[in-house]
Amino acid sequence: MAQFFSLHPEQPQPRLVRQAAEIIRGGGLLVLPTDSAYALACQIGDAALLERIRRLRGVDERHHFTLMCRDLSEIGTYARVDNSQYRLLKATTPGPYTFILEGTKELPRRVLHPKRKTIGLRVPEHAVVSALLAEIEGPLLTSTLILPGEELPMSDADDIRDRLGKQVDLIIEAGYCGPEATTVIDLTSGSPVLVRAGRGPLEPFGL
């Protein structure tokens with residue numbers, strides 16, 4: 001059965017953050033709140049964890065996973081970013097946006113889109129996620145917690161525990177987490193392309 005941590009949404013308890021980081025380093029799969037919706041999250045390199053997320057989400061290898069990063073410099077380690085892309089990222093992060101970018105060789109091939117070699121990247125604006133990323137000193141591989149056959153992400157921690165308590169290792173609750181996923185913007189073609197309208201407004205991208 002999954003462990004269940006209740007963290008303060010603005011000042012997360014360091015002891016619980018450290019315990020969550022230990023679960024991640026030990027190969028755990030967790031559910032965590034973000035500035036948009038709940039997400040499934042794990043460390044980057046574990047193929048078995050990748051498959052667990054795909055089974056839970058009901059998606060195939062063409063699904064774009066997202067790296068949650070601490071800041072723009074970390075995004076630059078894992079994605080190729082030109083000057084115009086960087087300006088857009090700087091103007092809109094941290095925030096409820098996911099950006100599709102070309103991955104670098106720092107990433108295992110299995111986490112990239114098999115044909116496009118792209119991945120989603122984002123810098124969330126959420127104290128719990130920021131504390132966790134700082135503790136593990138690196139990004140998390142994530143996917144919005146939308147179950148097969150459903151259109152909206154799960155938004156209630158107790159409901160998540162009831163339905164997924166035997167399929168994940170840790171559930172983090174930190175107050176209300178809305179049902180609206182991130183806005184997804186593809187930046188690989190020169191001009192921003194809207195992939196999914198979500199919580200983040202479109203005005204910064206001229207869309």
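Colleague: Is Cys177 buried or exposed, and how do you know?

Modeller: Look at the relative accessible area: buried means under 20%, exposed means over 50%, and partly exposed is in between, using a 1.4 Å probe and protein chains only. Cys177 has 2% relative accessibility, so it counts as buried. Cys69 gets the label too, because its value is 1%.

Colleague: Before we go on, what kind of model is this?

Modeller: It's a predicted model, where local features need pLDDT of at least 70 and side-chain atom pairs count only at pLDDT 80 or more, while totals for chains, interfaces and linings use all residues. Residues are numbered from 1 along each chain as its sequence is written, and side-chain values use heavy atoms, with hydrogens and water left out.

Colleague: Back to the cysteines. How many disulfides does the structure hold?

Modeller: The structure holds 0. A disulfide is a covalent bond between the sulfur atoms of two cysteines, and here the test is a pair of cysteine sulfur atoms within 2.5 Å.

Colleague: What makes a set of residues a nonpolar core?

Modeller: The members must be buried Ala, Val, Leu, Ile, Met, Phe, Trp, Tyr or Cys residues, joined through side-chain atoms within 4.5 Å. The largest such core here has 41 residues, and Leu67, Ile75, Leu121 and Leu145 have the most contacts inside it. Elements giving two or more residues to this core include strand 3 (39–42), helix 3 (72–78) and strand 6 (118–122), along with helix 2 (47–57). Helix 2 gives the largest share, 4 residues. By the way, helices (H or I, at least four residues) and strands (E, at least two) are DSSP runs, numbered from the N terminus. There's also a second, separate core of 22 residues, with Leu16, Ile23, Met68 and Leu140 among them.

Colleague: Which residues is Leu67 in contact with?

Modeller: Contact means heavy atoms within 4.5 Å. Leaving aside neighbours within four places in sequence, the partners of Leu67 include Ile44, Tyr78, Leu107, Ile119 and Leu121.

Colleague: What about Asp35: buried or exposed?

Modeller: Its relative accessibility is 8%, so Asp35 counts as buried. You'll find Asp35 in the loop between strand 2 (30–32) and strand 3.

Colleague: What lies 2.8 Å from a polar atom of the Asp35 side chain?

Modeller: That's the backbone nitrogen of Glu125. A polar contact is a pair of N or O atoms within 3.5 Å; within protein, one must be able to donate a hydrogen and the other to accept it, and residues adjacent in sequence count only if both atoms are side-chain atoms. Not counting residues up to four places away in sequence, Asp35 also touches Arg122, His126 and Arg199, among others.

Colleague: What makes the bond from Thr93 to Pro94 cis?

Modeller: Its omega is near 0°. Pro94 lies in the loop between helix 4 (83–92) and strand 5.
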